[in-house]
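Subject: Structure handover, salt bridges

Hello,

Here is the structure we spoke about. Please look through it before reading the notes below.

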Amino acid sequence: MSDGAGATAPKPSSSVKLVLLGEAAVGKSSLVLRFVNNDFQPNKEPTIGAAFLTQKCQLPNRTIKFEIWDTAGQERFASLAPMYYRNAQSALVVYDITKPSSLVKAKHWVAELQRQASPGIVIALVGNKLDLCEDDNAEAEQADAENETEEEPSTARKVSTKEAKAYADEESLLFFETSAKTGHNVSEVFTAIANAIPETSLKGPRSGAGGGTQAAISAGQDNNRVNLNARGEAGPKEGCAC
Amino acid sequence: MFLQNLVQKAQQLIDPAVLPGPLGSLTSSDRPSKAQLFRHQFRLPDTQNPLYEITAELTLPGKSSRGGGGAPKNWDKSNWDRDRGTHYVGQLHLSEQFLCFSTVNTSFANTASTSASSAFTGRTHGTGPAGNGFTLPLCAVRRMERLHTQSYMFALSVTTWNGFDAGGEGKAGAPSPPKLTIQLEGSRQQCERFCDGLKRGLRQGIKEVDNMRTVAQECYSEYFMYDDFDVTPTPEKPDGTPRTPPDTGLGSVFKYPGNSKKLRDRSKMRLWHEYMKENGRNTTLVRQPDFHRLIRVGLPNLLRGEIWELSSGSFYLRLQKPKLYQETLVKHEGEGSLAIDEIEKDLNRSLPEYAGFQSEEGIGRLRRVLTAYSWINPEVGYCQAMNIVVAALLIYLSESQAFYVLSILCDRLLPGYYSTTMYGTLLDQRVFESLVEKTMPIIWDHLVKNDVQLSVVSLPWFLSLYINSMPLIFAFRVLDVFFLEGPKVLFQVGLAILRINGEELLDATDDGTFISVLKSYFARLGESAHPKSENPKHRAITNFQALMVVAFKEFEGITQHTISEQRSKHKGAVLENIESFAKRTSIRNLGPESKKLSMNDLGFLYDRFYTVLYERQQRSQIIQAEADRKQKQARQRASELVTGVPGNAPEMGRVALGPSSSQMDYDAFREFLAGVSKWAVTDSPSSPSKEDKSSNGYFASALRNRSASLSPWGAGPEPADHDFMQRLFKKWDADGNSALTLQNVVTGLAPIKGNRDIMSSIEYFFELYDDDSDGKVDREGILRISEALLFLSRRGVAGGLGPSSGVEEVKGPDGLPMSKDEQFLSAVSAFIRRCFEYADPDHPSRQDVDGAATGIKNLDVKEDDLLDLGEKKESDDHPLAENSTSAADDSVLARPSTNSFGQTASKNAEANAALDPSSPVHITLPTFRMLVLADETLESFFDSGFANSFHLADAPLPSSTLTSPSFLNLHNAAPSNSASPIPTISPGGPGAGVVAPGKGLRGMLDNIVTDGMRVAAEVKRRMDEAQKELDRGATTRGTEDEEDEEYEDHGRDLLDVAEADAVPERQGEAGGNLLDKDIVSSPTKAEAGSSAASVKSTGSTGMGKDVEKSTMFER
Ligand SMILES: Nc1nc2c(ncn2[C@@H]2O[C@H](COP(=O)(O)OP(=O)(O)O)[C@@H](O)[C@H]2O)c(=O)[nH]1
Ligand SMILES: [Mg+2]
C-alpha cells in the first residue's frame, strides 16, 4: 500500500473497460497474457464466462488502467457476451489470419457491438498469429502494400491484410496484425486504444463517489495487479495440492 | 415476446400429469406436474409416476445398544422410541419400481392441492427435500409379510436386502438392513388397493435384482460394512474370492484433497459405519435425522461419492441401466464430433493443480465421461465448465458413477445451465440478482450506483458449483449439501458470501476491486472467522463454517419454492433477451441474398420461421403425450431414462432454449407459407378446430376433447397442398436434403420479394416449371403453370405497382367495371389458351426467335376467342410495342411489333400441333415471357402481384385473412362489384352463366374460374382424343373451324367433362378447391354455399363434411 505513485505529481488516471471477443482459439487469452504478463504459454486456467484482468497503460499525459474481460471461446458462451460488453468503452475483436471463418465471426461481433454496445465504443480489429506467416512477419505492414499476400502459397496466411484493412476502414475500426507468440504489435494495440478513447468518455469519478474514491482505487492498483496476474477470478486451490 | 403466448397456450394444453420433467426446470417452473414433484422429492428417474399413496407409520427397530460410542445422542425425542423402535408418521408412496416413504407430508394424488404436492419445496430444516424416510427400489424388498395384529388393520413387515446374504453370528458379510414395519392408515379398501399395487410391483422387481447386485458391488458401503469398523478388512470372501475395494475415484490413487486428519475423516467414517449398521446402505438406506447431520458436517472421502449418488438420485438411474456408460462408449468408439474436439481442448485445463489431472489416467477418465455424456445428450454436447465439474466429481466417483451424476446435474439440478444458449445460467443469474436486491438492498444499490454487474462475478460460482472459486475442500462441502437439498443451496451460499463481505464490497466501486475482495475472501475460507476471540471455541470456527451458518440459518427462507417462483417470474425477460440476441446474430448470418430484403422483412421471416417450427414441435409433443398417456407407457426409451429429454420437452423448440430443430420439412413449409400468403391456405380444411374458436373455447374444449380436436395445424389456418408449393419447396431446398433452413427460406424468397424486376420474376417462375433446366417447359408444365396461376389468384391478387393498377377502370363486356380479380381470372384463361396455341413444337427449327415472333403477332387476333372479357385493350393496337418498353431488354419482344398480323390459318395449324400429343411441344422462356408481357394483368402479376402475395413485415397480412380464408376478402377487395352481379359474363353457353340470384360476385367469379378450368380441361380432352385417334390409326383431326366451333358450342359439355371424369386428377383437385373453398373454410359462408350447391357437386360434398364435423364437436 506504499504510496509511491503519490510521491511524484500523479498523472491523471482513469480506468477503461475493454472486452475481447472473437472465435474460439484465435488467441484472445494469449494476447491478454502477453499484454499483462509479457508471457506466452499454454492456457492453463479454464475460463468460465470470462476472465478478468487489469493492466495499466502509460500515456505521456495520463495513465489508463485497462479492466479487461477476456470472454470464453466456446460458441454457446456468445449469449453471455452482452453481459461483458455492456458499458465497455473499448473492444478487441480478434481473428486468426490463418482462418478466414474467424474474420467472418469477427465481423459479426463488430456488427453486434456497433448495434448493441455503448455508443462511441472504440473497436480494434486484430488479426492474430502473424508469426505463422513468416514471409511478411515483422514488416507486414510495410511489405503488404506491394505484396498480394493471398497469392503467396508459401505462407499460412488466409486473410490478406488488404482485405481486413479495407473492412476496418469501412467500419472505422483500429486495425492491427499481431502475434501473441512473439509479442509483435501487442502493446501497440492497447496503446492505440488508450489513445483513441476520447477524454470525455473516460470514467471520471463515479457519480457520487467523488475523487477521493478514485484516488483510492489508483492507490490500490499495484496490489491488485499482482493479485490479478494469477489470471481469472479463480482462487488458489489450497486444499487440493496435498 | 412473439413466443410468449405460444408458451402459455402450450402450457394450457399440457396436462401436467402427462409430461415428465424436472422440478424447477424451466419446463416445469410455472406448473410442475405432480409426477414431477414426486420424482423430484424422492430423486426418482423420469420413468416413475406416483401410482398409490397412503398415510402410514414407519417403525424402525430400536437402536442397538452397542452403537453407543461416539454416536450423537441428540435425537429428536418426539420421534424416539415410544415402545419399541422409532416411529415416523408420513406418507407412503408407490411408483412402478419404488416404494417411498417420507415424513414430509406431501401428496401427489389427483385430488391433492398444489401446495400439498409441493410441500417439500418449502423450508427443509436441514432434512433435504425428501425428509426422513426411504426411497426403496422394489427389487430391494426381499420379503413382505402382512402382520396379523389386533390393533392394526394393515401392518406390513418389509425385509430388505442389497442383493447378498447378510452376515452376522459368525457368518461373514455385511449386516442385514433394518426390518421395516409399516402400518397403513386408511380405509380397508385403500389399504388393499395399495397392497395389490405393491404386490404387482414386487413381482416385477424380481427382474431388477441382477442390476441391484451389479450396482451394489460398486458401492463402497457394501465393501465397508462387510467388517466391523476398526478391524482390518477381510481379504477374501468365504468362497475364497478376493475382496477388493470398489473404485472410489481418483482420490484413492492420487490422494483426496485436504488433510484427512484435519478433516476428521476417520471419525466421520466411524459415524457412518454406525449409521449404516442401523439404517441400511445403498439401496436399502433409510434416512433418519442423523443422515442429514452427517452430510452437513462434510462427507468422508470414501463414502462421499456414494452419498452424492444417493442424495442426488443418480444412483437410481444407474440402477436402472447399470451398463449404459460402458455401452455408450463402445457404441461410439472411434467416432468424432464437435463436442469431442471441444472437450479435447479443455482436458488440460480442468483442475490442472490436482495431481490426478496431471496424469494420463485422470485425463483419460475425464475425456471418457465427458464424451459419453455428449453422446447420450447431443443437445447439450459439451459446455465449458462441465470439464471442471466432472473433474471434481471424478476425485470421488468412478467414471460410471460420475456419468450418471452428470446426467442428473444437467437434467435436473442445473436445468439449462449447459445448453447451447445457456439460458438456465442466465436465468439463475437474474434470479440471484433479484434475491440480492430483496435481501441486501444496500449492497444492491451500491452495485447499481457503481455500475458493477453482479453476474460477471457470480456466474462462475453457479456454472461450476463454486468448484472454480473456492478451495476444493470447501467446494466439496457445498456440493455435499447441494446434492441433498438441491439448487437453492447455490443461492443460499452466494447470498451468504455477499452478506459476509458486505462492508468491503460497499467500498468497491469497480469490477476489479469487487472481484479481488471476493477472491481474497475465498482464499481465507479455511482461516478462523474470529481470530481475535478470547474463546478458543470461537477461534476454532473457520470462515467456511461461518459461511455455512449464514447460508443455512440467515437465508433459511430461500427455499426451492422461492427459486421456482423467481425463475418463472424472470423467465420471459431472460428468454427474450437471448432470443433477440440470437435473432440479431442469425439475421446477420443469412448470406448475401438476404441483403435484398429489408431488416423488417428478415426479422419477420425469422419470427415466422421459428414460430412455425416451435408450434409444430409443441403440437407433436402434445399429440405424442396424448398417445403415450393412452398407451399408459410406464417405461420409456433408455436414453430418456438418463437424459430426461421429455423433461425439457414442453418448451423445446424455443430458440432461447437451444437448438431443437432449425430445419423445416415440407409440411412445416406449407404451414409457413400459409402464414404469409393467403393462397397457401387450404380451401377445404380437414380440421374442425376452427369451429370452436370463439372466446377461449378452443383451448377449453381442446382440453376436454383433445383427441378429437387437436388439429395438426394448431390454431393457424390449415395450409393447402399444391404442386406449386412443392415446386417452391424444391427450389428453395438448395441443399437438396428435403429441409429448409432459415437461410434457404431467405435465399429462396429474396429473388421474389427483393428484386422488383419483372424479368427475373418471370424467369423465376419459369424455372420452377423447367424440371430438367433445359430452358423448355413441356405441355404438362404449361398445364401446371396455368393451374398454378389459378391457384395463386384464387383468392384475388393484390395488384399494386403494376402498370394496370387501375387508374382507369377496366370494363367487362357488359360495360360494367371489372375487378382486378376478374381481370386476372380472365387473363389466366386467355393465357392457358395462348400457351397451347403458341407453344413451340418440339422441333429444333421451331425453337428459334421466329417461333416466338410468329406467336406474338397473332396474339391480338386470338385475343377474344374464349372470353369476351378479353376485350379490354381496345386502345392497344400494338400492345407488344407498348409492352416492349417495359421489357426493353428483350429483343425477342422488341422485334415483331413491325410485322404484325400473320396467317391465322397456319397459326391455328400450329396450335393444333400443340394439342397433338404425338408431337411434343414446349414453351421457352422467351415465349413465356412474351405471353406474360402481352397481358397487362399477368404482367402486373409478375411485376408486383406475385411478390406482394407474400406478406412480410412491411405489409403484414391482416389476421382475419389468416384465420378465415374466405370470400369475404374478395368483397373487401372489390366492394363496388359485390352489389352488381354480372350474369352475362360467361361465354360458355347460355346455361353456364346462370347465376343463382343473390350470389353476386362470387357466382360470377366462379364462372370465370370454371371457364379457366374448362379450358384446361378442354386442352386435356383434346389431347386425350388425339391420343385415342392416334391409337385408332387416324391421322388428322378436324379443321380449325371445327375446333373453334367446338370451343364455342360445347361449352356445357366441357363443363360436364371437366367435372366428371376427363379432368386430370390435379385439375380436379384445383377445381374442387376453387369451388368449395368458400363453403367449407368459413362457417359464415356455409349458407351461401348451400344455395350454390345445386350447381356444384363438390360444393354439396363440402357441405356434407361440414355438417359431419360439427356433430363431432357436440359429442
Ligand atoms: N502461432 C501462434 N499461436 C498462437 C498465437 N496466439 C495464440 N496462439 C495459440 O492458439 C491457441 C488458442 O489460443 P487462446 O489464447 O487460448 O485463444 P482464445 O480461445 O481466443 O482465448 C493456443 O494454442 C495458442 O498457443 C500466436 O500469436 N501465434
Ligand atoms: Mg480464451
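Buried here means under 20% relative accessible area, exposed means over 50%, and partly exposed lies in between (1.4 Å probe, protein chains only). The model is predicted, so local features need pLDDT of at least 70 and side-chain atom pairs count only at pLDDT 80 or more, while totals for chains, interfaces and linings use all residues. Residues are numbered from 1 along each chain as its sequence is written, chains are lettered from A and ligands numbered from 1 in the order in which they are written, and side-chain values use heavy atoms, with hydrogens and water left out.

Searching the whole structure gives 41 salt bridges over all chains (a side-chain nitrogen of Lys or Arg within 4 Å of a carboxyl oxygen of Asp or Glu). One of them joins E75(A) to K105(A), at 3.2 Å from N to O. E75(A) sits in the loop between strand 3 (63-71) and helix 3 (81-85) of chain A, and K105(A) in helix 4 (residues 100-116), so the bridge ties together parts 30 residues apart in sequence. Helices (H or I, at least four residues) and strands (E, at least two) are DSSP runs, numbered from the N terminus. K105(A) is buried at 13% relative accessibility, whereas E75(A) is partly exposed at 49%.

In chain B, D428(B) and R567(B) form a salt bridge, with the closest N and O atoms 2.8 Å apart. D428(B) is in helix 18 (residues 423-439) and R567(B) in helix 27 (residues 560-588), 139 residues apart. Both residues are buried.

Regards
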